[in-house]
Amino acid sequence: MVAVELEATCDEVDNSESPRPLLVVPDHLEAIEMGLAVIDLDSLEIVDGFQPFVRPQINPTLTTFCKRLTPIQQTDVDGALTYQEVGEELRTFAVAYADAAWASWGEYDARQLQRDAGFAACPSLLEGVPHFDARK
């Protein structure tokens, strides 16, 4: 089983701020980090991992809110691979786990990967791999 957790671009107007338009609107969130942990279901041990940063294309500059919410900084994404390039690395990594399914907490991560694939005009990074909602 592969457990997946994404971090994405984001913005929010803090109560201490003057009202302003969001710099990153909800329909334009992009994955900026992908954490995968390969778990042996017999021992429940993590046996491998893959954790690339992803360079956002629509909003390449992280908001102050995003940098406070996550440990991700601008330099992390500036030097990162694109969504398509991360997909190439992930396919190479996943060869050893061809029979694995993936799980995430809720449906957000699966929807975000689909959204990113649409932005990048390529298949979703985990297309064709069975997904399970661990929250259910």
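Visitor: Leaving aside neighbours within four places in sequence, which residues is leucine 113 in contact with?

Guide: Contact here means heavy atoms within 4.5 Å. On that count, leucine 113 meets Leu6, Met34, Tyr83, Trp102, Ser124, Leu125 and Leu126. A word on the source: this is a predicted model, where local features need pLDDT of at least 70, side-chain atom pairs count only at pLDDT 80 or more, and totals for chains, interfaces and linings use all residues. Numbering runs from 1 along each chain as its sequence is written, and side-chain values use heavy atoms, with hydrogens and water left out.

Visitor: Which residues have the most contacts inside the largest nonpolar core?

Guide: In soluble globular proteins, nonpolar side chains tend to be buried together. A core is a set of buried Ala, Val, Leu, Ile, Met, Phe, Trp, Tyr and Cys residues joined through side-chain atoms within 4.5 Å, and buried means under 20% relative accessible area, exposed over 50%, partly exposed in between (1.4 Å probe, protein chains only). The largest core here has 20 residues, with Met34, Leu90 and Leu113 having the most contacts inside it. Two or more residues come from each of β1 (2–8), β2 (31–40), α3 (83–94) and α4 (108–120). Another core, of seven residues, lies apart from that one and includes Cys10, Leu62, Phe65 and Val77.

Visitor: How many helices and strands does the protein have?

Guide: Take DSSP runs, numbered from the N terminus: helices are H or I, at least four residues, and strands are E, at least two. That gives four helices and five strands, in the order β-β-β-α-α-α-β-α-β from the N terminus on. Among contacts between residues at least 6 apart in sequence, 67% join residues at least 24 apart.

Visitor: Where is glutamate 107?

Guide: Look in the loop between β4 (102–104) and α4. Glutamate 107 counts as partly exposed because its relative accessible area is 29%. Not counting residues up to four places away in sequence, glutamate 107 touches His131, Asp133 and Arg135. Arginine 135 is 28 residues away along the chain, yet the two C-alpha atoms are separated by 8.9 Å.
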